Amino acid sequence: MTMAAPSSSERHADTGGPCGNGTENVNEETKRAVPSDDQDCLDGDASNLSSVPVHTFPGMRHLVAFLGFLGFVNVYSMRVNLSVAIVAMVNSSAISHVNTSSPDVCPLPNNTNTSTNYNGEFAWTEEEQGIILGSFFWGYIATNILGGRLAENFGGHIVMGVGVGATSVLTLLTPYAARSSVNLFIALRVAEGLTEGLTFPAMMAMLAVWTPPLERTQTVIGVFSGAIFGTVLALPASGYLCSSTFLGGWPAAFYIFGAIGVLWLLVWAAIARRTPEKHPWMSDKEKLYIGASLRCQVQQPEQSLPVPYRAIFTSMPFYAIAVCHMAQNYVFYVLLTELPTYLNNILHFDIKQNSLLSALPYFAMFVFGVSCAFVCDFLRASGRLTTTQARLIFSSIGMLGPAVFLVAVAYTGCDAVLSVTMLTLAVGLNGATGSGHGCAHLDIAPNFGGTLMGITNTVATVPAFLAPLTVGALISGQETLERWRLVFWLTVIIIVAGNTFFVAYYRGELQPWNEPNYEPDSGSVNSSESDDDQETEDEDRYLVRQSSGN
């Protein structure tokens with residue numbers, strides 16, 4: 001970009017700035033650490049910033065971010081390991097299935113490395129397995145909003161530590177609970193959902209006070225990408241542990257990840273603090289840099305705005321985000337929880353092959369999702385796409401792309417290579433939704449982005465526990481291509497409907513209720529109709545802010 005906004009020192013060159021003489025001495029690198037709209041805040045206290053250089057890599061904030069990344073690797077490892085372990089836990093031969101000589105059942109391969117039946121300890125039906133896999137989300141749905149509020153009041157580092165630590169202890173107790181009774185096992189999974197539900201909003205609250213504005217996108221993406229990386233790591237690792245005799249086979253998948261989580265907690269407790277100012281090992285240089293860059297970005301609790309709930313729940317753009325989020329979560333969790341079962345019962349991969357192939361789609365999702373984020377920002381910054389256009393395009397890629405390939409999977413039959421390829425493309429393309437509806441909350445109301453994410457993430461958790469229940473009901477002991485075809489078609493219908501609603505009602509414009517002086521009784525009505533002048537003005541401000549940081 002060659003387009004640049006005048007610096008604040010240029011704006012005040014004739015007057016000496018709001019603080020009088022000396023503004024021109026403010027370190028230019030420090031001023032570039034703050035969006036151009038906030039430079040006046042720095043200029044207003046120039047005497048304190050004249051010697052503040054930009055603190056680059058490495059710093060304590062980078063170490064904390066890396067530990068956050070590892071925390072989410074642990075979080076998702078403990079969430080998804082059951083998807084693989086349940087294949088080894090269940091005694092498939094003890095469950096009634098349709099006749100394997102049916103023409104709608106894939107034949108067993110001839111090689112000796114592949115098997116379909118495991119002599120596990122438990123004779124759980126498909127319906128019971130669906131309840132077990134989905135019960136985690138009964139707890140998870142209850143604590144998303146709570147986690148954010150607790151983090152804001154007591155510190156994100158404490159809530160994040162409690163969330164990961166408690167989940168780790170419960171993971172260590174999983175083999176005992178499973179062997180005691182199915183009801184105790186389900187209760188433990190609900191408890192894990194309760195504790196893990198705290199982690200995402202807690203980390204978001206922590207990053208808000210730890211990350212300079214111009215590092216925020218890369219830091220947030222980097223930290224939360226640990227969730228997908230944890231999936232990529234845990235699926236094959238769980239497969240190898242379950243197929244071994246180490247610690248009894250499948251229990252090792254819970255003992256190992258639970259123990260790693262406890263070790264992570266010890267390191268996190270030693271290093272993480274609520275704010276940079278409270279960190280005993282952070283350099284004064286880095287503290288000054290973070291503090292200066294966030295001075296006008298982070299509101300103090302007494303400055304927080306009342307949440308306009310009535311306006312939010314009458315906003316069609318908000319509903320567009322919520323509906324699309326729910327639909328995207330349905331396809332994500334159908335594949336996350338049921339893909340290992342499909343690979344085992346339909347395509348007859350052994351558990352090692354199963355776990356590796358289950359991880360492959362999520363590696364594609366990780367790579368494609370991060371790539372889309374950079375492409376999306378480039379297209380917006382260069383003026384090639386408006387915010388609305390970018391969100392609609394990337395959401396459609398992430399929703400309609402998987403729909404096409406899931407239909408293909410439904411009709412590839414027993415061709416294992418083609419089926420895995422189609423599944424990988426479906427999950428990989430789904431990563432584009434992060435650049436679509438995934439960050440659209442900040443487009444319509446950045447002042448309430450955390451609240452909007454808490455609400456939509458809560459309602460979007462409903463498909464997470466409905467998905468395995470629905471699959472269990474549709475399969476109902478009949479592991480055939482026809483039954484799984486119903487699963488794929490239902491998933492396609494849901495994601496196409498969700499994306500259609502998003503395209504129809506989402507517009508990337510600031511909503512009037514985002515403003516501090518918004519009056520709920522003014523009779524204003526939120527509309528999804530396009531306002532070209534408003535969006536053009538928003539885009540111009542965005543381009544100026546972007547160019548000032550280049």
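Here are some notes on the salt bridges, nonpolar cores and one surface patch in this structure.

1. Before anything else, keep in mind that you are looking at a predicted model. Residue numbers start from 1 and follow the sequence as written.

2. Let's begin with the charged pairs. How many salt bridges does a search of the whole structure find? The search turns up four. Three of them are worth a visit, and the next points take them one by one.

3. Start with Glu196 and Arg79, a salt bridge whose closest N and O atoms sit 2.8 Å apart. Glu196 belongs to helix 9 (residues 182-196) and Arg79 to helix 4 (residues 60-89), so this pair ties together parts that are 117 residues apart in sequence. Are these two buried or exposed? Glu196 is buried, with a relative accessible area of 0%. Arg79 is buried as well, with a value of 4%. The cut-off for buried is under 20%, so both residues qualify.

4. Next, find Arg179 and Glu121, which form a salt bridge with their closest N and O atoms 3.0 Å apart. Arg179 lies in helix 8 (residues 174-180), while Glu121 sits in the loop between helix 4 and helix 5 (126-140), so the pair ties together parts that are 58 residues apart in sequence. What about their accessibility? Arg179 counts as partly exposed at 44% relative accessibility, and Glu121 is also partly exposed, with a relative accessible area of 45%.

5. Arg189 is buried at 2% relative accessible area, and Glu192 is buried at 1%.

6. Now for the nonpolar side chains inside. The largest nonpolar core has 96 residues. Which residues have the most contacts inside it? They are Met203, Trp268, Tyr342, Tyr362 and Trp513. Helix 15 (residues 316-345) provides the largest share of this core, with 15 residues.

7. Pick Tyr362 and check who is around it. Leaving out residues up to four places away in sequence, Tyr362 touches Ile228, Thr231, Val232, Leu235, Phe332, Leu335, Leu336 and Val427. There is also a second, separate core of 18 residues, and Met89, Phe122, Trp124 and Ile132 are among its members.

8. Loops can hold buried residues too, and Thr433 is a handy example: this residue lies in the loop between helix 18 (416-429) and helix 19 (441-444), yet counts as buried at 5% relative accessibility. Its contacts, again not counting residues up to four places away in sequence, are Gln328, Phe394, Ser395, Gly398, Met399 and Gly438.

9. Val169, Leu172, Leu173, Val262, Leu263 and Leu266 make a nonpolar surface patch of about 500 Å². Helix 7 (156-172) and helix 12 (252-271) each supply at least two of the patch residues, and helix 12 gives the most, with three. Where does Leu173 sit? Leu173 is in the loop between helix 7 and helix 8, and this residue is partly exposed, with a relative accessible area of 42%.

Terms used: This is a predicted model: local features need pLDDT of at least 70, side-chain atom pairs count only at pLDDT 80 or more; totals for chains, interfaces and linings use all residues. Side-chain values use heavy atoms; hydrogens and water are left out. A salt bridge is a side-chain nitrogen of Lys or Arg within 4 Å of a carboxyl oxygen of Asp or Glu. Helices (H or I, at least four residues) and strands (E, at least two) are DSSP runs, numbered from the N terminus. Buried means under 20% relative accessible area, exposed over 50%, partly exposed in between (1.4 Å probe, protein chains only). A nonpolar core is a set of buried Ala, Val, Leu, Ile, Met, Phe, Trp, Tyr and Cys residues joined through side-chain atoms within 4.5 Å. Contact means heavy atoms within 4.5 Å. Patches are made of residues with over 30% relative accessible area and no salt bridge: like charges are joined within 9 Å, nonpolar side chains (Val, Leu, Ile, Met, Phe, Trp, Tyr) within 5 Å. Accessible areas come from the Shrake-Rupley method with a 1.4 Å probe; for residues, only the protein chains shown count as cover.
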